[in-house]
Amino acid sequence: MSTSAVHSLWTTAAEPISKIDTPKIEYGQLSPVLIIVGAAVVGVLIEAAVPRKTRYYAQVFGAVVALVAAFAAVVALAAGGYATTKSGIVAMGAIAVDGPALFLQGTILLAGLVGLFTFAERRLDPEAHGNRVDSFAAQAASVPGSDSEKAAVKAGFTTTEVFPLLMFAVAGMLVFPAANDLLTLFIALEVLSLPLYLMCALARRKRLMSQEAAVKYFLLGAFASAFTLFGIAMLYGYAGSVSYATIAQVVDGTVPEVNPALADTMGNDALLLIGSAMIVMGLLFKVGAVPFHMWTPDVYQGAPTPVTGFMAAATKVAAFGALLRLLYVVLPGLRWDWRPVMWGVAIVTMLGGAIIAITQTDIKRLLAYSSIAHAGFILAGVIATTPDGVSSVLFYLAAYSFVTIGAFAVVTLVRDAGGEATHLSNWAGLGRRSPLVAAVFAVFLLAFAGIPLTSGFAGKFAVFKAAAEGGAAPLVVVGVISSAIAAFFYIRVIVLMFFSEPRPEGPTVAVPSPLTMTAIGVGVAVTLVLGVAPQYFLDLANQASVFVR
């Protein structure tokens, strides 16, 4: 064999390797996510390098700047037409930049900012050993009640790691509703979930209950993630791709050329149906829909209240965004299969959340079951399968998230010697002891109940109207009945606060710093503005309701 022949073998063998394309990343369109991830990494470095005394201020400042900058980036993208005419798929097909993605990202960033203010609050508890303390454990690694914990409290330690954890959670939430392939969806799910599992275990008071909540959330969340991953594997086996557009084409039967290796599996509907069901199950778990809601009351009750507020608001927004994209972009060809199942889930979620909430005696558990009922109301909009359905869900999520953070911020103010007084009996007569706090909480409860002139009414009206026009009128009837049941326990709390005698040894209302006041103020403002003049925001949601494919 001559050298030239050997040489020619080498060159032909080496040729295809030069054809690996360099990845094309649109940094401008991904800037909101990149800013938050960068801030999270900087937060980790601050923990390592900055002295303990100044860490808290550095973390809060960095997180606020990043959230504001990322929100500005979202607004700039929307103003630049990326929500409508220029919307497209970026990052090698991994992420969609379109109206729903930008609207939900903006909502998540604002919810994260308001949630951050409640995280940074340090005036509610009395000072410990001359140091101001927040809602989080002095040293997360120490055993509750141990000498090392007491030493950490005495030394004035604080868990400032919650700020980078919050930023990582927000980063995952930003990618979750914008993911355009199943692997990106799964990675975003893990990035948003893991920090939440950790933050749930960090309560300063009631440490054991907090750790129990975190373990429950982690174990059930791991199950849900496993179901999601198994579903992704099945859909990949069915369509030979994890890309949303390709799967949708295979489902519709419009795929341009069929790979002979996949011809057998593409006709196998069992893979498609079971795979879709498993992924949807994982998303319904995140949303807190019945029968995947079992973690919600325990975790909401046990987690530090600022974490509960942030989690209740932002996770719902991200998960519903991902659910909408999955059902509207990937599985519109399966509508006749998934709509009846979603009908059932929505009905049991609305009724289950509302009925079980009546029996609750703890304010955080009551709000947890209330959030389950709200998941059912939002599902009614998802079932509509019309552009109005999408816009009504977007509007509802924006309205709901601020009311939720505001309500949990009020819960942090009512305190006794053991920390937050969350048992309902402690709230009796609160309207006489602290009329302003009780009035603000009453506004939030009326918004949850969907009373006119609050954001809750505008949101429910939009969702039910979309569902009725989408042919789900019986669902609207169930929704209205559930709302009536739910109104009973919201109004019961209002009656308890304003028309009961305060207990002599009852709790006090702590005076918060401007941080928590801002969080509550934003909640009240959004509740009233979206209730009295919702049209501008409904139009905004309407413009943002078209998915790119």
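## Basis of the model

Residues are numbered from 1 along each chain as its sequence is written, and side-chain values use heavy atoms, without hydrogens or water. Because the model is predicted, local features need pLDDT of at least 70 and side-chain atom pairs count only at pLDDT 80 or more, while totals for chains, interfaces and linings use all residues.

## Overall build

The protein chain holds 22 helices and five strands (DSSP runs: H or I of at least four residues for helices, E of at least two for strands, numbered from the N terminus). Its C-alpha trace spans about 100 × 60 × 40 Å along the principal axes.

Of the 549 residues, 58% are buried (under 20% relative accessible area, with a 1.4 Å probe and protein chains only).

## The nonpolar core

The largest nonpolar core has 185 residues; such a core joins buried Ala, Val, Leu, Ile, Met, Phe, Trp, Tyr and Cys residues through side-chain atoms within 4.5 Å. Ile36, Phe176, Leu182, Leu379 and Phe441 touch the most other members. Helix α13 (residues 305-330) gives the most to this core, with 18 residues.

Beyond its neighbours within four places in sequence, Leu182 is in contact (heavy atoms within 4.5 Å) with several residues, including Ile232, Tyr244 and Leu326.

Notes. Buried means under 20% relative accessible area, exposed over 50%, partly exposed in between (1.4 Å probe, protein chains only).
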